[in-house]
Amino acid sequence: MESSREAVVEELSILGARVHTCARDETQLQERLREWQEKGFQVTTSICDVSLREQREKLMETVSSLFQGKLNILVNNVGTLMLKPTTEYTAEEFSFLMATNLDSAFHISQLAHPLLKASGSGSIVLMSSIAGVVHVGVGSIYGATKGAMNQLARNLACEWASDNIRTNAICPWLITTPLISDLLSVEEMKKEAEERTPMGRVGEANEVSPLVAFLCLPAASYITGQVICVDGGLTVNGFSYQPHA
């Protein structure tokens with residue numbers, strides 16, 4: 001099962017981009033790096049927990065050094081999920097979800113701004129969720145972080161347009177990645193998701209990554225500030241009643 005991060009790395013690499021990616025799990029990251037190098041991809045990696053401010057700063061120092069102070073593409077593709085009724089979240093859980101999902105996207109974008117500006121043509125893609133657009137029962141804090149991320153994309157698109165930096169957000173529905181593998185293993189959950197989705201199925205990581213790549217290409221040079229759902233039609237699905245004959 002491929003993570004969305006891995007799918008994005010491969011999609012951009014196939015198009016010829018030099019990519020730097022990070023993760024908390026060094027063993028898993030080194031395994032992926034070997035696979036990418038065998039494919040001839042120009043990929044470098046580093047260990048980083050993006051929920052921690054000092055590690056975000058170290059990451060962007062590394063990126064600046066690797067790319068000589070210029071960056072064309074920033075994909076904020078990190079997030080964690082914690083399913084609980086709203087009344088049961090602790091203050092620590094709230095802070096952790098905010099730090100991982102929202103603070104990291106804001107701070108890394110902030111740190112990347114001079115690098116993106118220096119490139120002359122920068123693109124930021126924030127990996128959000130339809131939980132930031134509609135209620136899908138995956139936790140009020142998670143939905144709040146993603147809703148804020150969507151608005152962050154709109155704000156940065158306007159504020160940084162004069163620096164030739166575009167910003168967009170992508171909102172997937174359920175995608176078969178390790179993050180939600182436990183959810184999809186519950187048959188009732190998977191069945192309900194499929195029934196609510198007009199296309200009748202959950203998505204795959206490689207159905208999201210091409211949109212990420214497109215938004216980073218010159219072909220998308222006039223697209224900014226958009227929140228685009230990749231959801232099999234879920235967010236536009238209303239109530240359909242079929243009368244009996």
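Predicted model: local features only at pLDDT ≥ 70, side-chain atom pairs only at ≥ 80, totals over all residues.
**Group meeting: a walk through the model**

Residues are numbered from 1 along each chain as its sequence is written, and side-chain values use heavy atoms, with hydrogens and water left out.

Now the inside. Of the 245 residues, 47% are buried, meaning under 20% relative accessible area with a 1.4 Å probe, counting protein chains only.

What about overall size? The C-alpha atoms fill a box of roughly 65 × 40 × 40 Å along the principal axes. The radius of gyration is 18 Å, which agrees with the value near 18 Å for a compact globule of 245 residues (taken over C-alpha atoms; the rule is 2.2 Å times the number of residues to the power 0.38).

On to the elements: we have eight helices and six strands, which are DSSP runs numbered from the N terminus, with H or I of at least four residues for helices and E of at least two for strands. From the N terminus, they go α-β-α-β-α-β-α-β-α-β-α-α-α-β.

Last stop, α4. This helix covers residues 91-119, 29 residues in total, and reaches 40 Å from first C-alpha to last, close to the expected 42 Å (1.5 Å times one less than its number of residues). After α4 comes G120, with a positive phi near 90 degrees.

Definitions and conventions. Buried < 20%, exposed > 50% of the residue type's maximum accessible area, 1.4 Å probe, protein only.
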